[in-house]
Amino acid sequence: MRKNKLLNRKRSGGGYMLSRVADSVFWMARYMERTNGMLRILRTNYISSQDEVKDFSWQPLLLSHSDAPAEEVTSIGNNSAKVLQHLLFERNNGASVINNITRARENARAVQDHITKEVWQCLNDYYHLIRSKHIQSQLQQGDPVSALDALIHHGMLYHGTVDITMARGEAFNYLNIGKFLERAILTADMLNIKLTELNYNLQQPKEVPALRYLLYSLSGYELYLKTHRGNFQADHVLQQILYNNNFPHSVAYCLGQLFRYFQRLETESLPESYKQLEFLIGRAMNNVRYSSIRPSESEHLKEFLQQTRSELFNIAAAFNQYYFGNS
Amino acid sequence: MEGHPLLGNYHNQPRVWDEMFDAAGIRPAYQQFVSSIQDLSVDEMTHKDELAKKLFMSQGITFTVYSSGEGIEKIFPFDIVPRILEAAEWKHIEAGIKQRLKALNIFLKDIYNQQFIINDGIVPAKLIYSCPNFVRQMVNVNVPFDIYTHISGIDLIRDHDGTYYVLEDNLRTPSGVSYMLENRSITYRIFPDLLPKNNVRSVKDYPDLLLKNLVALANRQKSDPTVVLLTPGIYNSAYFEHTTLARLMGIELVEGSDLVVDNHRVYMKTTTGLKQVDVIYRRVDDDFIDPLVFRPDSMLGVPGIYGAYRTGHVAIVNAMGNGVADDKAVYAFVPDMIRYYLNEEPILKNVPTYQLADPDNRKLVFKNMDQMVIKRTNESGGYGMLIGSAATEKEMKAFRVAIEEDPRSFIAQPIISLSSAPCYINGVLQPRRVDLRPYALYGPEGIDIVPGGLTRVALKEGSLVVNSSQGGGSKDTWVLASPNPSAGGA
């Protein structure tokens, strides 16, 4: 058994990963996950802007996904075409999708010898796709949903390519660590945005459509319907998004996966570094697992989300310090 | 040939050797290829041309030009019509390059050690010591197996009678070999079956041969020494090549900041701490490789790496200081080196070269400036060059002044016309000037030259400058395994 493990380690090139490479692979995965998350939010929000929601506003999303000056953001207002243009294609918006894809590709470019040729080409194609006139005109003059779908599909192609072609070595572990860490942050953030829109008041007499859209954005609506048979309650939504271990976007699931891929690094880590990270991830996991959140306790909920976020950021900072050699 | 949509309008130029046509028709090397494509319509050819461009783009075989903000993605222009060499031609080239490299390698060893060639009066001492690329730090440094020129890319050109001349030896960090490999991988996509039908020799061994040589240089007694490729980083125009080679050899691609030197040993920073490095294939120039010894403002190199090299704890490929043999004034002595060190007559010719440090040469060159190419001795990439036949009075005057000020830094050569090869441009086959750069690998077991190379094309009509930095493109280069079977019959 032991011998097998050693053999595998050697075959995957274990122990030879440059800190810079690990850093780039980690960030490549984060940017791709962020891209995917954003595209889905945009798709759901766009559809809801066309749908029954009377006083739909893009402003919360704009404020959280744009680093442009406030007056510029306000001037975009509620013009869906302009909002999408800004969040998808605006180079001056540091958080735009095109900038995320460009950064993912730049990171991939710097580690081409550690990802497969297929993964690199997939990212490269993604970059050319979002720069293509076709997508941009589809968004401005055609059907924005089709444009967003095309982009989302290409993102899924990336995940499939990673899954099918990448060796299960160190690079693959960092890819997954980056992916699940980013996804946990995204889920916590999106929940926070929605709850802020509702002033953290979930005790409303009528059903809140915002929560349905939140589930759509996290690809969790179908699971919700199957589990709760159309009985729509804020409490159930919270339970699924925070705790459901079968829901791939729940905070608990993401932390579990993060820990799982992290543990695979043990043989390739300095013992001191491993201990530090193990502690931080373990604490974050347990803080989520052994919490009990009820929609009625809005202050507690707010505090809990903030704490979870800051623990996730601490994990990222610790990777940066202990594994990527940036202090 | 008349009536074929593609070949009908192809015109040879006077006093230019064409690779595909001679006065009687199609040369034997091209006959099989031409018979396969001559009936293709313009649409089909254009479709192939577009497919090739698309493949280059989607595979990321591009270089990025950073001017402002986001870079512009460019592909190195590729012409779909291959350049074809017959087996006998290749044999001649191969023998010539091997001979030349042997002599140049001994020259480097000699010039950095005992300097017999200077003492025997073959090469003037002044010429060597005035060369800015003579690296004094390399004097009396022992390099593994006495090999300096592990990788070289020799530029060959052909005059109007078809004679091959060596134009440059490129013994420092020649680039372009990834295009030799990628061009081939595009060719089999756009011309299915043509490679086996023509019996074209494969170039895919290059990375294996290179890795074998690199591993052999390691000094530590270890079965799997650590070999890395040192790149200046993603902003370098050859970055694509660096990643391709690292991937094909399965070695680590490192940047200067990934390496540290401690106690004359080189280490790379990994997630598990420091790992010793045994062999470095560097794509960083001498000037930038060690800020402690060379340019102090360099951010691309590794402080202390020269010391590790000198003490033999790390092997660096190519050796430092090879630039002295690339100097265009020293180049003029290569035929003498071959005679002196090997006691053989040169197989490949040098282009006649006038050193302008000599007043008689200067007078002669100034009188016939319109028939000369004048080059700076230490420039490459088509920079610092004046082609007399195309220069204005003003440009010539500027060069005259510069030469008078510093004659050592200039040489002059008669204009060699460069052979032409058919290129598919704007839906028509048109002749364009080409050169040929085969890549030679010098290892402890001898010299290997992969059958093929990079054919560079001057895409501008009438231009003689093939460098990629000056608007040049490239072609796939086929070396045929045996005389073309259809040669006799057609």
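Q: Which domains does the domain assignment give for chain B?

A: Keep in mind that this is a predicted model. For chain B, the assignment lists domain 1 at 220–313 and domain 2 at 353–414. Their C-alpha centres, domain 1 to domain 2 of chain B, sit 38 Å apart.

Q: In what order do the strands of the open sheet in chain B run, and what is the pairing?

A: The general idea comes first: strands of a sheet pair through backbone hydrogen bonds, in either a parallel or an antiparallel way. Here, 4 strands of chain B make an open sheet, ordered E17-E20-E18-E19, with antiparallel pairing. At the edges you'll find strand E17 (354–355) and strand E19 (385–387) of chain B, each pairing on one side only.

Q: Over how many bridges do E17(B) and E20(B) pair?

A: E17(B) and strand E20 (residues 410–414) of chain B share 2 bridges, in the antiparallel sense.

Q: Now for helices. At roughly what angle do the axes of H2(A) and H9(A) cross?

A: A packed pair of helices is described by the angle between the axes and the distance between them. For H2(A) and helix H9 (residues 144–165) of chain A, the axes come within 10 Å and cross at roughly 155°. H2(A) and H9(A) are therefore roughly antiparallel to each other, and their crossing is left-handed. On the H2(A) side, the contact residues include A:Met32, A:Leu39 and A:Tyr46, while those on H9(A) include A:Val145, A:Leu148 and A:Gly155. By type, the contact of H2(A) with H9(A) divides into 11 nonpolar, 3 polar and 2 charged residues.

Q: What about H10(A) and H16(A): at what angle do their axes cross?

A: Helix H10 (residues 170–197) and helix H16 (residues 298–322), in chain A, have axes that come within 10 Å and cross at roughly 155°. That angle makes H10(A) roughly antiparallel to H16(A). Their crossing is left-handed. Among the residues that meet are A:Leu181, A:Ala184 and A:Asn192 from H10(A), and A:Leu305, A:Arg309 and A:Ile315 from H16(A). The contact of H10(A) with H16(A) divides into 9 nonpolar, 2 polar and 1 charged residues.

Q: How many residues does the contact take from chain A and from chain B?

A: Chain A gives 23 residues and chain B gives 21 residues. On the chain A side, helix H2 (19–50), helix H6 (97–110) and helix H7 (117–130) each supply at least two residues. The largest share, 5 residues, comes from H7(A). The side of chain A that touches chain B divides into 8 nonpolar, 8 polar and 7 charged residues.

Key
Residues numbered from 1 in each chain as written. Chains lettered and ligands numbered in written order. Predicted model: local features only at pLDDT ≥ 70, side-chain atom pairs only at ≥ 80, totals over all residues. Axes fitted to C-alpha atoms, helices over the stretch in contact; angles between N-to-C directions. Parallel < 35°, antiparallel > 145°, perpendicular 65-115°, else oblique. Left-handed = near helix turned anticlockwise from the far one by under 90°. Contact = placed C-beta atoms within 7 Å. Nonpolar A, V, L, I, M, F, W, Y, C, P; charged D, E, K, R; others polar. Domains from an automatic or database assignment. Pairing = 2+ DSSP bridges.
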